[in-house]
Amino acid sequence: MGKTKRKGCIGMSEEIKIVKYNPQWTIDFVQEKCILSSLLGDQAIAIEHIGSTSIPGQEAKPIIDIFVGVSPFSELAYYRSILDSELYHYIQTGMSSRYLFYKYTDGVWTHNIHIIPYNDEFYNRNELILRDYLREHPELVQKYGELKRNSAKNFNVNLDEYTRSKTDFIQHVIDVARTKKGLPLQDVWTNELK
C-alpha cells in the first residue's frame, strides 16, 4: 500500500500520491483507535476516523486521519509525554485548540492524529460533516477523487497548495450538508460563521 516515506521536512516536501480506496484503512484506524484509547484512557471521549480514508470508495493519500476528542483538553506537553516521540511527531499548525501529531510506522508516515477538545459541538465539526455527507453521496466521492488526482498532479510536493486547491469543492459540500442539518454556515479554513 504506497505509503509516504519520511524525508526532510515532515510531510511538507513529500510527493503527494493519491491511491485507490483500500478497505485496510478501516482496519488500520481501528488498530490505532485501540492504541490511542489505551494511552489516553477516560480522557478520550471520542475517537473518529475522518478524512478521505474514512469514506468508502474515496481515493486518498494513504494516511489515516483521526480526531481524538478529549476532556479535559490539556497542555501540549501532556500529550507529548504520553505519545512516543519516535512514532508521533508534533506539527505546529497555527490552529487553536488542536494538536496535530504525524505518526510514523517503520519510517513511513501512516497517520495524522488530531487531538481536540470534546464538547457538545464535536459532531458538528466540518470534518465529520464532510465525511458523513460524502458517505451518503457516492456521486460526489467520484467527483472528489478526480479533483484530488488533478490537484496532486498540479501541486506534486506542495501539500498546502494541494489542500487549498480543494477548498471550493469542500466548502460547497459542507455548505450543503450544514444547511441540510440546520446548522449555520462556516468558512472551512477559519471555522468562522459566513
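A pocket is here an open set of grid points, where a 1.4 Å probe fits, with protein on both sides within 12 Å along at least five of seven lines. In this predicted model, the largest pocket has a volume of about 1,400 Å³ and is lined by 45 residues, of which M95, R98, H114, E127 and T163 lie nearest its centre. At least two lining residues are supplied by each of β3, β5, β6, α3, α4, α5 and α6, and the greatest contribution, 5 residues, is that of α3. Sorted by class, this lining comprises 20 nonpolar, 15 polar and 10 charged residues.

Because F67 belongs to strand β3 and F122 to the loop between β6 and α3, the pair ties together parts that are 55 residues apart in sequence; both residues are buried. Y78 and Y79, by contrast, form an edge-to-face pair, with 5.2 Å from centre to centre and 75 degrees between the planes. Y78 is partly exposed, at 29% relative accessibility, whereas Y79, at 0%, is buried. These two tyrosines also belong to one aromatic cluster together with F73, Y90, Y99 and F101.

Charged groups are likewise placed over aromatic rings: the charged end of K148 sits over the ring of Y144, 4.9 Å from its centre, and R164 lies over the face of W189, at 3.9 Å from the ring centre.

Note on methods: Residues are numbered from 1 along each chain as its sequence is written. This is a predicted model: local features need pLDDT of at least 70, side-chain atom pairs count only at pLDDT 80 or more; totals for chains, interfaces and linings use all residues. Side-chain values use heavy atoms; hydrogens and water are left out. On a 1 Å grid over the protein atoms alone, a cavity is a set of points where a 1.4 Å probe fits but cannot get out, and a pocket is an open set with protein on both sides within 12 Å along at least five of seven lines; lining residues have an atom within 4 Å of a point. Grid points are joined across faces, edges and corners, and a volume is the space filled by probe spheres set on the points. Helices (H or I, at least four residues) and strands (E, at least two) are DSSP runs, numbered from the N terminus. Ala, Val, Leu, Ile, Met, Phe, Trp, Tyr, Cys and Pro count as nonpolar, Asp, Glu, Lys and Arg as charged, and the others, Gly among them, as polar. Buried means under 20% relative accessible area, exposed over 50%, partly exposed in between (1.4 Å probe, protein chains only). Rings of Phe, Tyr and Trp (its six-membered ring) pair if their centres lie within 6.5 Å; planes under 30 degrees apart count as stacked, over 60 as edge-to-face and the rest as tilted. A charge sits over a ring if NZ of Lys or CZ of Arg is within 6 Å of the ring centre and within 35 degrees of the ring normal.
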